[in-house]
Amino acid sequence: MDESTGTAPPKGTPTEGFCSWHDRISEDVRLIRLDSGDTHYACVHCIRIYKLTPYEDQ
Ligand SMILES: [Zn+2]
């Protein structure tokens with residue numbers, strides 16, 4: 001039997017990535033879609049500071 005080891009992170013798990021707003025790696029980023037249609041990642045702090053709306057919440 002080849003059981004799934006579950007490599008995919010469960011929903012709601014923080015995603016590490018590069019925050020385009022403060023130009024650093026953050027351990028919890030969300031995808032942001034700009035008015036121009038471009039998508040960037042922003043950390044939760046920059047989302048709060050710049051009043052960004054995560055893509056999944058739109
Ligand atoms: Zn940031």
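Trainee: Which residue takes a positive phi in the hairpin of strand 3 and strand 4?

Mentor: First, the idea of a strand: helices (H or I, at least four residues) and strands (E, at least two) are DSSP runs, numbered from the N terminus. Two strands pair if DSSP finds at least two bridges between them. Here the hairpin has 5 residues between strand 3 and strand 4, and Gly 37 takes a positive phi near 100°. Keep in mind that this is a predicted model, where local features need pLDDT of at least 70, side-chain atom pairs count only at pLDDT 80 or more, and totals for chains, interfaces and linings use all residues. Residues are numbered from 1 along each chain as its sequence is written.

Trainee: How many bridges join strand 3 to strand 4?

Mentor: There are 5, and the two strands run antiparallel. Across that pairing, Val 29 stands opposite Cys 43 in strand 4.

Trainee: Now the inside. Which residues make up the largest nonpolar core?

Mentor: Start with burial: a residue is buried if 20 or more other C-beta atoms lie within 10 Å of its own, exposed if 12 or fewer, and partly exposed in between, with C-beta atoms placed from the backbone. A nonpolar core is then a set of buried Ala, Val, Leu, Ile, Met, Phe, Trp, Tyr and Cys residues joined through C-beta atoms within 7 Å. In soluble globular proteins, nonpolar side chains tend to be buried together. In this chain, the largest such core has 7 residues: Cys 19, Val 29, Ile 32, Tyr 41, Ala 42, Cys 43 and Cys 46. Strand 3 (29–33) and strand 4 (39–43) each supply at least two of its residues, and strand 4 gives the most, with 3. Over the chain's 58 residues, 16% count as buried.

Trainee: What is Cys 43 in contact with, leaving aside its neighbours within four places in sequence?

Mentor: Two residues are in contact if their C-beta atoms, placed from the backbone, lie within 7 Å. By that rule, Cys 43 meets Cys 19, Ser 26, Asp 28 and Val 29.

Trainee: Is His 40 exposed or partly exposed?

Mentor: His 40 counts as partly exposed because it has 18 C-beta neighbours inside 10 Å. You'll find His 40 in strand 4. Not counting residues up to four places away in sequence, His 40 touches Ser 20, Ile 32 and Leu 34. The C-alpha atoms of His 40 and Ser 20 are separated by 6.3 Å, though the two residues are 20 apart along the chain.

Trainee: Where is Trp 21 found, and what does Trp 21 touch?

Mentor: Trp 21 is in the loop between strand 1 (17–19) and strand 2 (24–26). Residues up to four places away in sequence aside, Trp 21 touches Ala 42, Cys 46 and Tyr 50. With 18 other C-beta atoms within 10 Å, Trp 21 is partly exposed.
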